[in-house]
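Keep the 3D view open as you read.

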Amino acid sequence: MRVLCPGCGRPLSVCLCDAIPSPPIHIATRLLILQHPHETRHKLATVPILSRCIQPCHVIVGRRLHSNSSPLLESLATSAKIAAKSQQQRRRDVALLLFPGPDAVDLGMWFASLQQQGLWGIMAPEAERGIPAPAAHVPQENEEQVLVLMLQASEKSWQAPRTQITLIVLDGTWEHAKEMVKASFPYLSEFAIQVCLPYDANREGDGMGDSDFIMRKEPFGGCVSTMQAVAQALSILEVDGPRIEETLMAVLRKMVLLQASHCHCPKIRPKLKKKNSSRTQLTEPGVSNSS
């Protein structure tokens with residue numbers, strides 16, 4: 001058996017410790033991942049690395065979510081029922097199921113609506129934060145103490161998000177993910193909002209070698225790995241989202257490059273080669289298929 005790195009849990013030849021942020025990035029979004037049992041044995045799974053990069057990250061191994069899956073989900077379901085009985089239009093705790101589909105709402109549009117309604121806290125302007133400016137006559141030995149006071153004042157002035165978001169993500173092959181959604185939907189539909197990132201079901205998905213972030217063939221355009229999907233979602237939901245996305249994508253990029261360096265290009269099957277050849281002739285400029 002290969003020796004595994006105690007830091008990232010990967011073989012030493014593909015260690016990612018120098019790319020994984022330390023300490024992990026703390027996010028305001030509560031991330032809950034339902035991981036298919038088959039993924040726990042897959043060497044290309046990104047969830048183990050993702051859980052080392054950001055916190056909190058709750059991982060549940062299973063094929064569906066139900067009332068006994070997690071105390072967090074049960075509290076969200078209870079909160080939704082209470083809000084429905086009291087006819088409250090706004091809930092502080094909101095669960096989002098990230099999965100594409102005809103009924104899914106674009107995540108960016110949903111979050112923009114949340115901000116327009118004033119349901120998302122932001123940092124107050126600097127003039128309103130009450131951060132003491134260091135006086136010109138402060139002795140040099142007291143400058144560090146003044147800096148500490150400034151940082152403490154800044155932290156106190158930060159407004160906690162008015163809406164606590166729980167992002168539910170499914171980790172598995174495309175077929176497994178569809179099965180997991182179908183099995184979990186009767187329960188999740190009671191309190192979760194289905195959202196999605198941009199995708200195109202009419203466009204063929206890319207494969208390994210087409211991008212620095214792809215390790216498995218995509219079923220259609222916009223289908224990405226769990227780590228990339230979470231990175232894109234957090235870029236929208238987090239105050240420091242773009243930086244978090246950049247950090248996670250840097251880790252994923254290195255993971256893909258390391259994996260690619262240890263892979264040999266697979267031989268094209270004769271039937272597939274013939275099919276691709278015919279397709280190329282039909283699409284080349286100046287080539288006619290008329291008899």
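## Helix α3 and its surroundings

The buried residues of α3 are Leu-107, Trp-110, Phe-111 and Leu-114. Seen down the axis of α3, these residues fall within an arc of 95 degrees, so they line one face of the helix; the arc is that of the directions from the helix axis to the C-beta atoms. Buried means under 20% relative accessible area, exposed over 50%, and partly exposed in between (1.4 Å probe, protein chains only). An α-helix has 3.6 residues a turn, so residues three or four places apart point the same way.

A word on the source: this is a predicted model, in which local features need pLDDT of at least 70 and side-chain atom pairs count only at pLDDT 80 or more, while totals for chains, interfaces and linings use all residues. Residues are numbered from 1 along each chain as its sequence is written, and side-chain values use heavy atoms, with hydrogens and water left out.

At the start of α3, a side-chain oxygen of Asp-106 reaches to within 3.0 Å of the backbone nitrogen of Gly-108. Just after α3, Gly-118 takes a positive phi of about 70 degrees.

## The overall fold

The protein has eight helices and six strands. Helices (H or I, at least four residues) and strands (E, at least two) are DSSP runs, numbered from the N terminus. Along the sequence, the pattern is β-α-β-α-β-β-α-α-β-α-β-α-α-α. Of the 291 residues of the protein, 37% count as buried.

The six strands form an open sheet in the order β2-β1-β5-β3-β6-β4, with parallel pairing. At the edges are β2 and β4, each of which pairs on one side only. Two strands pair if DSSP finds at least two bridges between them; β1 and β2 do so in the parallel sense over seven bridges. His-26 stands opposite Gln-55 in β2. Helix α5 (residues 174–188) lies across β1, β3, β5 and β6, running at about 145 degrees to β5.

## The nonpolar cores

A nonpolar core is a set of buried Ala, Val, Leu, Ile, Met, Phe, Trp, Tyr and Cys residues joined through side-chain atoms within 4.5 Å. Of the 44 residues in the largest one, Leu-31, Ile-49, Ile-54, Trp-110 and Leu-248 touch the most other members. Several elements each supply at least two residues of this core, including β1, α1, α3 and α7. The greatest share comes from α7, with eight residues. Apart from this core lies another, of 21 residues, among them Leu-32, Ile-60, Ala-77 and Leu-170.

Leu-248 is found in helix α7 and is buried, with a relative accessible area of 0%. Leu-248 and Leu-50 are 198 residues apart in sequence and 7.7 Å apart in space, C-alpha to C-alpha.

Conventions
Contact = heavy atoms within 4.5 Å. Axes fitted to C-alpha atoms, helices over the stretch in contact; angles between N-to-C directions. Polar contact = N/O pair within 3.5 Å; in protein donor to acceptor, adjacent residues only side chain to side chain.
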